[in-house]
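Hi,

Here is the structure I said I'd pass along. Have a look first, and my notes follow below.

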Amino acid sequence: GVELINLGNDERLYKLGITRPGTVGILSNQITDLRKASEDSASLIEHSPYCFGKILDYLRTKRLHSLNLIDKVQCPVVDDSQKERFEKVVSHFFP
């Protein structure tokens with residue numbers, strides 16, 4: 001999928017040896033659809049070690065709290081540069 005998204009325009013398809021107009025049209029449409037889908041989708045947890053770490057720390061803290069080993073569970077503090085990605089991941093996986 002990522003390779004198709006990065007192909008770009010029809011000219012690049014021709015350079016790859018894809019010359020049938022119908023095939024070029026189909027691939028162009030698929031590339032457009034993949035671009036749109038990738039813009040709307042949340043980052044995968046495994047693609048963001050930072051977000052994964054924050055979520056894992058939070059879940060560990062919740063477990064410790066449920067065992068009465070800590071008094072309070074606090075929300076994770078997220079770096080400003082990662083807030084948008086973190087919010088997308090959390091809202092996607094924990095609606």
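A search of the whole structure turns up two salt bridges, a salt bridge being a side-chain nitrogen of Lys or Arg within 4 Å of a carboxyl oxygen of Asp or Glu. Asp57 makes one with Arg60, with the closest N and O atoms 3.5 Å apart. Both residues sit in helix α4, three residues apart, or about one turn of the helix. An α-helix has 3.6 residues a turn, so residues three or four places apart point the same way.

Before going on: this is a predicted model, where local features need pLDDT of at least 70 and side-chain atom pairs count only at pLDDT 80 or more, while totals for chains, interfaces and linings use all residues. Residues are numbered from 1 along each chain as its sequence is written, and side-chain values use heavy atoms, leaving out hydrogens and water.

With 18 residues, α4 reaches 26 Å from its first C-alpha to its last, close to the 26 Å expected at 1.5 Å a residue (1.5 Å times one less than the number of residues). Just after α4, Asn68 has a positive phi of about 60°.

What does α4 meet in α5? Cys51, Lys54 and Ile55 in α4 touch Arg85, Phe86, Val89 and Val90 in α5, contact meaning heavy atoms within 4.5 Å. By class, that contact has five nonpolar, no polar and two charged residues (Ala, Val, Leu, Ile, Met, Phe, Trp, Tyr, Cys and Pro count as nonpolar, Asp, Glu, Lys and Arg as charged, the others, Gly among them, as polar).

Cheers

Conventions:
Helices (H or I, at least four residues) and strands (E, at least two) are DSSP runs, numbered from the N terminus.
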